[in-house]
Amino acid sequence: MQKRKIPLRQCLGCREMFPKKELIRVVRSPEGAIALDFKGKAPGRGAYVCHNPECLKKAKKSRALERAFDVSVPDEIYDALTAQMEENRDGE
């Protein structure tokens, strides 16, 4: 019996590899809209950030999301990511 391979993705902030399910996916849809994808199934280009707010700050400072998507990322996306991280922290 063969074990299933766990898909790993790299956090844009800390650059560490994590299992895909442990990260927050940010997606650029085919229409160019950027949104958070909590199910990991939305169509489009995905980039990942771990649940650590410091990683999000690093990703914002280094413009990692902009580079991943080749578009400018509005502040609302960063605000939504920060809010989601706070929500997850409160839920633990």
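Author: A salt bridge here means a side-chain nitrogen of Lys or Arg within 4 Å of a carboxyl oxygen of Asp or Glu. The model is predicted: local features need pLDDT of at least 70, side-chain atom pairs count only at pLDDT 80 or more, and totals for chains, interfaces and linings use all residues. Residues are numbered from 1 along each chain as its sequence is written, and side-chain values use heavy atoms, with hydrogens and water left out.

Reader: How many salt bridges does the structure hold?

Author: Another is aspartate 75 with lysine 60. Arginine 25 and aspartate 37 also pair. The count of salt bridges is three.

Reader: Which strands hold arginine 25 and aspartate 37?

Author: Strands are DSSP runs of E, at least two residues, and helices are runs of H or I, at least four, both numbered from the N terminus. The two side chains meet at 2.5 Å, N to O. The pair ties together parts twelve residues apart in sequence, because arginine 25 lies in β3 (residues 24-28) and aspartate 37 in β4 (residues 34-37). The strands are β3 and β4.

Reader: Are arginine 25 and aspartate 37 buried or exposed?

Author: Relative accessible area decides, with a 1.4 Å probe and protein chains only: under 20% is buried, over 50% exposed, and in between partly exposed. Arginine 25 and aspartate 37 are both buried.

Reader: What is the relative accessibility of lysine 57?

Author: Glutamate 54 is partly exposed at 45%. Lysine 57 counts as exposed, at 54%.

Reader: Which helices does the pair of aspartate 75 and lysine 60 tie together?

Author: These side chains meet at 3.7 Å, N to O. Aspartate 75 lies in α3 (residues 75-91) and lysine 60 in α1, so the pair ties together parts 15 residues apart in sequence. Both ends are partly exposed, aspartate 75 at 47% and lysine 60 at 38%. The helices are α3 and α1.

Reader: How many disulfides does the structure hold?

Author: A disulfide needs two cysteine sulfur atoms within 2.5 Å. The cysteine 14 sulfur has its closest cysteine sulfur in cysteine 55, 3.6 Å off, too far for a bond. For cysteine 55, the nearest is that of cysteine 50, 3.3 Å away. The number of disulfides is zero.

Reader: What is the relative accessibility of cysteine 55?

Author: Cysteine 55 is in no disulfide. Cysteine 55 counts as buried, at 4%.
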